[in-house]
Amino acid sequence: NHHVAAHLQALHRGPIHRKLLEAAFSLLSSTKKDRLPQEAQRTWLRIVALGVSLALVTFLLWSSAGIDDDVAEVVAHRGEVLEGRFIEVPCSEDYDGHRRFEGCTPRKCGRGVTDIVITREEAEQIRRIAEKGLSLGGSDGGASILDLHSGALSVGKHFVNLYRYFGDKIQTIFSEEDFQLYRDIRQKVQLTIAEAFGIRASLLYLTKPTFFSRINSTEAQTAHDEYWHAHVDKVTYGSFDYTSLLYLSDYLEDFGGGRFVFMEEGSNKTVEPRAGRVSFFTSGSENLHRVEKVLWGTRYAITIAFTCNPDHGIEDPVLT
């Protein structure tokens with residue numbers, strides 16, 4: 001099994017393997033020095049072998065829980081309630097290739113996490129909006145999206161415009177209160193980003209794509225289902241200057257795997273999703289990132305993106 005082989009290779013590379021080997025050699029050397037009887041030596045060898053086997057089983061179970069061996073630090077644990085945690089990083093040159101907007105285009109770059117902007121009750125309410133919309137369709141693969149702005153909805157291996165496809169039925173699915181809650185949450189997230197980066201909220205414009213995502217462990221059917229690849233938002237979507245995610249479900253309660261990973265040389269930083277948690281960051285290469293594959297359960301989130309260029313701005317969705 002190639003998964004087991006990969007775990008064994010990781011064990012071979014890692015400090016666990018080295019420590020176990022050192023312990024084994026130490027024990028073997030000790031038995032030789034003391035010239036224990038042959039039976040005692042065999043007993044020690046069986047103990048060492050058992051220890052190595054138990055360590056291997058523990059390692060495999062640990063890996064199967066969705067823990068990547070290249071992740072060095074969890075910056076936001078699921079069990080924490082963070083008032084605010086911000087890490088500043090040097091800005092990349094990605095913004096130089098785009099029109100700059102003084103007072104808005106990132107000069108201070110970094111990433112932040114907070115659990116006090118959106119309540120868990122609000123997260124539960126807005127998750128119900130996602131569930132209602134996605135009940136109309138859903139991808140054949142593991143990743144489905146619902147975009148209330150453009151109307152894009154995953155259906156099978158394709159996307160449809162839910163406003164055109166379902167017509168007046170939409171009025172029976174969503175309410176005006178749903179859309180008002182969506183707008184209120186967008187505004188709270190916008191104010192949080194503006195405060196963290198020292199810019200005026202009025203200089204930020206909502207941009208596309210801004211969407212709900214629902215991810216489970218179903219095997220990918222198209223490239224759109226392959227959400228786990230590392231990417232840079234500013235490269236993928238030129239309009240993005242600031243990216244945010246609002247998590248609507250809990251890591252290890254609602255799903256396994258699916259953590260958000262900021263990729264850095266030798267010291268990746270991981271955010272564990274928690275309902276109501278807002279993670280936000282500047283969208284350039286300074287925040288190369290990926291999402292771990294979801295191994296079980298269902299992970300809900302909203303990606304809310306902002307631009308400094310008013311030409312790339314979009315309006316809040318309206319139920320018509």
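This is a predicted model: local features need pLDDT of at least 70, side-chain atom pairs count only at pLDDT 80 or more; totals for chains, interfaces and linings use all residues.
1. A quick definition before we start: a disulfide is a pair of cysteine sulfur atoms within 2.5 Å.

2. Let's take Cys104 and Cys308. Their sulfur atoms sit 2.1 Å apart, and the two residues form a disulfide. The torsion about this S-S bond is -80°, and the link is left-handed. It joins distant parts of the chain: Cys104 is in the loop between β2 and β3, while Cys308 is in the segment after β16 (299-307), 204 residues apart. Are these two cysteines buried or exposed? Cys104 and Cys308 are both buried.

3. Now for Cys91 and Cys109, which also form a disulfide, with 2.0 Å between their sulfur atoms. The torsion about the S-S bond here is about 105°, so this disulfide is right-handed. Cys91 belongs to the loop between β2 (85-89) and β3 (109-114), and Cys109 to strand β3, so this pair ties together parts that are 18 residues apart in sequence.

4. What about accessibility in that second pair? Cys91 has 28% relative accessibility and counts as partly exposed. Cys109, at 1% relative accessibility, counts as buried, because the cut-off for buried is under 20%.

5. Stepping back, how many disulfides does a search of the whole structure find? The search turns up two. If you number the bonded cysteines of the protein in sequence order, the pairing reads 1-3, 2-4.

Key
Residues are numbered from 1 along each chain as its sequence is written. Side-chain values use heavy atoms; hydrogens and water are left out. Helices (H or I, at least four residues) and strands (E, at least two) are DSSP runs, numbered from the N terminus. Buried means under 20% relative accessible area, exposed over 50%, partly exposed in between (1.4 Å probe, protein chains only).
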